[in-house]
Structure formats: structure tokens, C-alpha cells
Amino acid sequence: MIQFILLFSRQGKLRLQKWYTSQTDKSKKKITREIIAAVLSRKPKMSSFLEWKDLKIVYKRYASLYFCCAIEQDDNELLTLETIHRYVELLDKYFGSVCELDIIFNFEKAYFIFDEFILGGEIQETSKKSVLKAVNDQDVIQEVETPQGLIDEY
Amino acid sequence: MPNMRGDAMRGLAVFISDIRNCKSREAELRRINKELTNIRQRFRADKTLDGYQKKKYVCKLLFIFLLGHDIDFGYMEAVNLLSSNKYTEKQIGYLFISVIMNSSSDMKQLIIQNIRNDIQSRNPIFINLALQCVANIGDREMATAFTNDIPRLLVSGDTIDPVKQSAALCLLKLHRTSPESLQLNTEWTARIIHLLNDQHLGVATAAVSLIDALVKRSPDEYKGCVNLAVSRLSRIVTSSYTDFQDYTYYFVPAPWLCVKLLRLLENYPPPEDPSIRSRLNECLDTILNKAQEPLKSKKVQHSNARNAVLFEAINLIIHMDCESSLLVRACNQLGQFLQNRETNLRYLALESMCLLAASEFSHEAVKKHQETVINALKSERDVSVRQRAVDLLYAMCDRSNAEDIVQEMLTYLETADYTIREEMVLKIAILSEKYAVDYKWYLDIMLKLIRIAGDFVSEEVWYRVIQVVVNRADVQSYAAKIAFEALQAPACHENMIKVAGYILGEYGNLIALDPRSTPMVQFELLHTKYHLCSPTTRSLILSTYMKFINLFPEIKMHIQEILRHDSNYRSSDVEIQQRATEYLRLSEICSPTVLATVLEIMPPYPEKQSPLLVRLKQKKPLMEADTSSELSTAPIAQSGDGPKLTDTAMHLHQQQQQNGLLVSLDTTESNGHYETSASSSLPSSLSSSSAALQTNKKFLFKNSDIIFENDILQIGIKGEPKKSVLHVEFYYGNKTNFNLTNLSASISLADELDPELRIHMEPVQTTLDPRAQIKQVGTIECLKDYRDLPKMSLSFFYSNVPQKIDFVLPVYLNKFIEKAEMDSNNYFLRWRNLDKPDQECQKIFPAKFPMSHDVCAQKLEGFGWSNLHNIDVNADNFCGAGIFHTSAQQVGCLYRLEPNKQAKMYRLTIRASKAGVASHLAELLEDQF
């Protein structure tokens, strides 16, 4: 089971976090700090896996972003790499050549895509089409529901 | 600003841009505070805020939270969004509570009600949102609230596929959080299993994860899944990748489903039905064959997905451990990976091979790769890969290759990463002992080990060297010889000095006839190191000197001179001073015959499991489970004349606790006469006695214990519970040779105004004679449940100096528990009745002690409640009941303790009829197993 997923930049800035086990905010922050430090200190050519406490961290870098997945001892590392890749593909297809900024400005969408793809730490739907259809359907509803011409200030 | 999808909440985008444009952390903070003030005002002032506005502000709060700031308002607005009939507002509401709200929220019931409304709505996209929220939060209350609705969605024929998928994983989450609240109707078992066959691959993919968990809970009920899983797997692996359309991932058909199915099968032994079994073997064979085919794409995704399935298949092959041809093929396949240019594959191949090395069918096949693995150790650039190589070398080691492997590991150790050195030292020490044919070789290796990695040699390791030497008469003179030689090096590691010091003290006489190592030479050599050592080592060396007095009376004068020297006799270190004083005195007053008895050589240690294995297991709890069980069944002593293996470490450790020495040569066991030690030294007069404050938890499980002890006084407690009253007896023992006067004792409660306990003690006698014990009796009555333990204060005069001692009285709540017997119907009836959230507490904690069934049973019974048999279907679990008596009411308590030996964890669930009692009892018991 996936315990949590973190997306962070090369500068160590956390961009997205998804927790599948309940943790206090304090321990989330602590874990995040430790994992970011551990992953950023890895050198190229090293394996994409590292042992961290009793978990395994599987990570991969895409452009400026690190995608990092914590799994349990008996989970499949290689498949987790592909789980990450599939998520990246989903983002890419949804946003059209996704970049870090897309995830910052549309963080809620990134969460919605997660929930269609992975639920409770397990893969629920691996078909790219199905996931994207679900998320695009949501956007259609959103457009219908949104009042037009609203002056939107903060 | 990048393009926004969908409607784009412009205000949100503007805010995010603002934050990104902030030049400094302070500016960012100012901007955030401004926004928070704005939102707070909007929420407070504008009751007519429309859904869109609310959604936007909640989203901003979410963004601020994700930046790492605390959010303490807006919860109500978020929960309000849940009841909106607009999908997107609902969705943001759910996102907010999934991300921000912790289980402690007091709006829980409101949230649950909203979720229930959505689940019961006929709108599948609402249902899915609600299910996703449950899967994200999934706490106990939700498990109880939806124990019927969600399973029904899963098995109902009307449910559309995406909802089924969510429902399956939602149930899995609830099962994980709170298995006992989730009661699945057994009529649904067959329908759940049949989801494996669902036409929709997404449904099957989600369902396997749920079934995997249910199988772990009740393997027999779900064993029908084996057949279905094998046939589904077979259809996938034998088909062409084009058959699965969007479920084919880079030319690999449904890799996620395949891997999950293979893992599901790992829950069972190999299928007994020959046709299913051969079908499964064909699948595994096909997967192995496909791994040999040329790659269909150069993309790493293709090979990763293919190999992910392959590794999972190999795991299953290893798990079944019966098809030698498959095991050997798996091993050859992994052997190829060892040379692959992908670091990931090399890493995983080394890891899987460790498991293969443990199987008798493939152990020899693994050994063929020894050279490659050794090369990996030398050439891999990634430390974690090298670590795997060390693990594998350790796993593949046997008598035939031990010398080579130990030598290679030693060589590597000199340049190894600091992070893995200690573990390597342990492994080298274990292997060289386990496979030693010639113990001279073993000693050579061990001394070399200390020489090159002294800092990483843990105490257990060098204790063990001494154990082996003490137990093997045939190597003792060799040991003395090489220990002496090792000391001749100009710079010696302190661990080397300890080992050599100990060995020379015991067996220095065996090399004393050699003119190069006469007694005087030995003594002088050792003494050149003396001043450079830490006090603990110096204490050990002083003991060696004392042993020298017995072995070599001719150098007694020199040694006495050292003992008499101010740096020892008046050392600021108490231990050194004490030893110097006592040894000197001993050497002056005892006749040689008495000395010879007192300083006799150490007797052999009793044989037990090597403490090194214990240590190694502690270091790597998960990785080593298999190899170590293999080790313990292949004991180190191959025959009666093998080394008498022992637990010096523990033995010495006890010593260390008793008298504060690291290693004492003079164990009280080996020479009973020798009782001059810390306990007899006079207590230094203190104005306030060193209150060795103990919150001793032994009293949890027993009705008598020592609750306080220092140099002057020992206090014991004995309790006899009778419903809500505990009859107690305190025993005060004077350990000194002087009177203790003006003795008075008082007990104070945490809350004097509203006491939870009523304490009545008979007055205590005010004078305590030397070496005498007095008793004080009384009663403690429990008025209501309590958390804070009472404190005991004791004051007295010791040689006219006032002393005061304060300590916590370990009268835990459980002392008022009376055990209750009942049958399983009754038990479960009561269990179900106690279903309010504050009536239950569950703790999951790692095992602190070896997981013995009997010890657990003993502790649970000692705790006061019953240990009922035949209640839990799993005989490894414990269930029981008790009544907690207070003078006002009786509180029924039920518990269930589930050990998980594989994970070395316990799960303890307690339910009690009064709020708060369960959690208190759970806190007491947590970490006691």
C-alpha cells in the first residue's frame, strides 16, 4: 500500500502531498523534511529506491519536480515507478505538457486526478482514458455551474 | 499566469500569483495574513456569501495550508459546501476536509451525515465524491456509520463500475482502520470474490486489493479466490498485449492487475488441486519466458512494467518454494539482472536473490553468482546497492565459501560507508563464528575486525569473542599470544585493549614462559596503554592487574604500586578509586590460596543463542527475518565439541547494571566470596538523597514490587485488591548500619479538592533500626477513575542529616479490576454494546519483548482481568474481560490483543463502559509487550 506521495521541486519546495495514513500535521512536516533531504542528496546513477525507516521510498525526477512515493516493504518497487509515471502522464494529458506551475495553480485538479487514479493507497483505475474522462466530466459540470461574467475579486 | 482549467477561480489564481511574486518570506507572510484577515471577515460578516465565494475562500485556505501554515477556521464553511447541490462546491468541500481535518474534529457527525446523504443520493458522481472522502479519511466513526451502505454498493447489480471501484477501496480503507467495526455479511463473500472475474478490468484491479485484505482476515472463507485469481492471471499473461486496449501499459498487459493477483496468491500455499496448480505453474513459466524475449520498446516504462510482473512472479515462486525448476530459472534470470546496466534492476536482483539463497532448492544456484556479487561490492556506486550485496553475501554464505566471503567482506569493510559498518561488523562476526572450522582462524578474523573497524564493534561483538575464548580451552593460549601481539601495535583501538586485557588476565600465564612475553613484559605492555583509556577500560585493566597478582606473584609489588598510585587510589572516578582500594587491600590481606580461589579463571558460559543475532535482528527488523530463522535452526555449535555458546553480553550487561562496571572479571557467580562492590560502599551523606525516582511498571502485572531503592533505603509494596479497596502494605528496609530517625511518610493526591482515591494509612514507626525492616499497612479506595498517580513523600534523618524522598506510587487503575469470566456469546454481545467512540481505544505498537504467547497471557492475567479461551477464532489472539470497581460504580472492560508476529507488532483494543477508561487502560498496557 502506498503510504504517502510527495511532489517537490529541486529547491526542496513541497508542491503536493497526499497522505494515505493518518498523521498529525507535525509528523507530516517532519517526514516531509526528512524525505526531501534524503532524496535531494541522492546522486545520479543511484537506484530510484531508498530505505527509510520501515518504508521504501521510490522516487523519480521529471524536469524540475521530484515525485516520491512511500510504499511498504513487500510492495513492488518497479511498479511504483510506473505508478508515478502514469500519474505524470495523466497530468501531462490533462494540462497539455504539464509544468510545475500547472500543479501550483491547479493544485485542486492534481488532487482530483489522484483520487480517480489511486484511492486509499491502492491503484483503482489504470486506464488513462477512464481517469481523464472522469476528470474532464467534472470540468464540464464546473463550467455549467459557474456563473458567467462574475466579477471575481479576492 | 498559466492557463487555468475549467472555470478558474480568478481570485484564487491572483492570490497564488501574488504569493509567488513575494520577494521574501516576510512579504509572503504579510500577504497571507492579509488574505486570512480578509477571508475571516467575509466569513463572519457576510451570511449571504454564495456557494461560489465560499468555495473560492475555502480553496484559498487550502492553498495557504499547503504552504505549511496552520488553518484554524473555515471548517464550518467547508462542511457547508458538502451540502451544496453544485458538484464543484461539494468537491472543494470534500477536498478541504480530506486534506485538513483531523479525526478530532467536532464536526464529525455533521460530515458523516453529509456523506450519508451523498451516498444515498442516486447521483453516481456525488456517491463517488463521498466514497473518495471516506477512503481518504476513513476513521472508526465512518467505519461504524457505513458498515452497511458501502458493502451494499459494492455487490449491488445496479452500481456502475466507477462507483464499484471506489466502494471496494473505500471498504479496504475502513477495514484497515477498524476491522472489527466492519462486519461483512458472509452471503456476500462469493459475490466479492467474483469481482475478480469482472469484465471491467478497473473493477477487478480495485477489488483484488480489498480481497487481499479480507483473505488475510479469514483465509478459509475466501479461499475460493485462488481458482479465480489463477484463471484471471492466466488469461492476462497468455494473451497478446493488444487485447487489453487501455489497460495495456507499454506493451505489457495489465501489469497492475497482474502484480496484485500474484500478491493475492502469496497468501496461500501452492494450490492443492493439480489442474489449478499446473495452470499457475504455466503462468509463472510464461512470465519467465517473456522476460527472455527481446524488448518491444526501448522505453524504460516497458521494461519496468515487464520486470515488475517478473519480480512479483519470482516472489510467488519463492513463497511456494517447491518447484525447483522454477526456483533455478528465477535464480538464473536474477543472475542476468546482476549485470544489467539499470541500477534499479541490479538492486532488486540482489534483494530477491537473498530470499532465493534461503531456499534449499536454489541455494547452490545462487552461489554461482558469488564473483559477481563480490564485484558489486567493489564497484557499485550506490551505497544502497552495495548494502544489498552485503546482505546477499551474508545470505549465501555457507561452510564451503565462508573463508572467501568473510575475507572479501573484511576487505570491503576498510572502505565501506560509515552507515553500514556496524552491521557489516556484526555479519562478519556471526559468519566467522558460525562457519569456523579452526578457531584460530576465527580469532584472527575477530582481532583484525577490531583493528580495522574498532569504532563500529559493538559491545556484543567483543563480549562474544571473550565468550568463545573462555569456552574453548584449545584456543586459549593462541588467544593470549595474538592478544599480546595486537597490543604491541603503537596505536590500539580501545576495544582491542579491552579484549586483550581480559584475555591476558585470564590466560596470560599460558604465554609467560616465552621470553618475549614474560609476566613483567605483559604487564608493562598493557600499562603503556592504561593512561590513554577511558575510565571503564581502566577499571577493566585494574581487574586484569588483580588477576596478574594471582597468576604472577612475582610482579605483585609492581602492581600494588600502581594500585597505590594517587591517580588510581585517589582517582576522581569512583569506580577506579574503589577498585584500586579494594584490590590493594585484597592483595595485602589474602593468602595466596584465598586469592587463587577468589581470582579463579572464568567458568564456561552456558550455551544460548548468540546475542549477535539478537542484535542484528534489532538493527534490521524486516530484512533479516528469513535468514536469521535459518541461522537459529542451524546452530553454531555443530556438535558436542563445538564452542559452548553463551550470552555473555546479557550476562555482562546484568553485571554492568549491578555494579556499574562495563565488564567485571569478578562476577559474583564465579566467586561468591568476592562481594566488595558498590553495594557495600557507604552512602555518601547527602542533604537530599539521590531519589532514584522510579515509575516502576512491574507493579502493573504483579501485586508486590520494590518501588523505591537507594543506598539507604529500600521500599517495597504489597497489595491485595478487594473490589474498590486495595489493602496495601509498605515495607521500609534500612540498608545502612545506622538508625534512621524521625521517619514519616505521607501520600498526596494529584487533585486534593476532588479526590479520586481515599487513602488511609496507619502511622509508621518513627525509628528504623540498622538493617531492619518495618511494615506499614493501610487501604486505598478508588472513588472514581483517575489518571494521575498519587505521590509518596518520605522524610527521615540519616546521621543527623535530613533526607527527603519523593516518588510516584505505582497504584495503577488496574489494581481495582476484578476478572470476569464469560462465554463467547456474552463476550461479543457486550463488545458490540460498547460501540460509542469514547468507549473504545485502540493502540498499535511494536513488540518490545520477544513475542511469547505464554508471557503475554501471564501479563494479561497479572493485569487483573481474565484471559478467555476459545473466544477469538485466531488462537494467537487474546480476549478477556474484567470489572473495574470504584466505590460509586462498576465499569465493564473488554479487551482484545492481537499479536502480529511477522510485523512484530501488537494491536490492542479495549472497550469499557465508562468514557475514558478504555484509553487509560490502553495507555498503561501500550509498550508492555
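**Notebook: chains A and B**

I started with the interface: 69 residues of chain A are in contact with 87 residues of chain B, contact meaning heavy atoms within 4.5 Å. Before going on, I noted that this is a predicted model, where local features need pLDDT of at least 70 and side-chain atom pairs count only at pLDDT 80 or more, while totals for chains, interfaces and linings use all residues. I also jotted down that residues are numbered from 1 along each chain as its sequence is written, that chains are lettered from A and ligands numbered from 1 in the order in which they are written, and that side-chain values use heavy atoms, with hydrogens and water left out.

**The interface**

The size of an interface is often given as the accessible area lost when the parts come together. Here I looked up the buried area (accessible area, 1.4 Å probe, that two parts lose on being put together, summed over both). Between chain A and chain B it is about 7,000 Å², and carbon and sulfur atoms give 53% of that.

How many salt bridges does the rule find across the interface of chain A and chain B? I got six, where a salt bridge is a side-chain nitrogen of Lys or Arg within 4 Å of a carboxyl oxygen of Asp or Glu. I looked up a salt bridge between the side chains of Arg42(A) and Asp382(B), at 3.3 Å from N to O.

Next came polar contacts (a pair of N or O atoms within 3.5 Å; within protein, one must be able to donate a hydrogen and the other to accept it, and residues adjacent in sequence count only if both atoms are side-chain atoms). The rule finds 31 residue pairs of this kind across the interface, both residues at pLDDT 80 or more.

Which element gives the most to the side of chain A that touches chain B? That is α2(A), with 11 residues. I wrote down that helices (H or I, at least four residues) and strands (E, at least two) are DSSP runs, numbered from the N terminus. The residues on this side of chain A divide into 20 nonpolar, 19 polar and 30 charged. For those classes, Ala, Val, Leu, Ile, Met, Phe, Trp, Tyr, Cys and Pro count as nonpolar, Asp, Glu, Lys and Arg as charged, and the others, Gly among them, as polar.

**Chain A by itself**

Chain A has five helices and seven strands. Of its 154 residues, 62% count as buried; buried means under 20% relative accessible area, exposed over 50%, partly exposed in between (1.4 Å probe, protein chains only).

**Confidence**

I checked pLDDT, the predictor's confidence in each residue, from 0 to 100. Chain A has a mean of 91, with 94% of its residues at 70 or more. For chain B the mean is 84, and 90% of residues reach 70 or more. Over residues 621-695 of chain B, pLDDT stays under 50. The model scores ipTM 0.95 and pTM 0.68.

**Two loop residues in chain B**

Is Ser178(B) buried or exposed? I found Ser178(B) in the loop between α10 (161-177) and α11 (189-193), and it counts as buried because its relative accessibility is 0%. Leaving out residues up to four places away in sequence, Ser178(B) touches Arg140(B) and Ala143(B).

Leu295(B) sits in the loop between α15 (274-292) and α16 (300-320). Its relative accessible area is 48%, so Leu295(B) is partly exposed. Beyond neighbours within four places in sequence, Leu295(B) is in contact with His302(B), Ser303(B) and Arg306(B).
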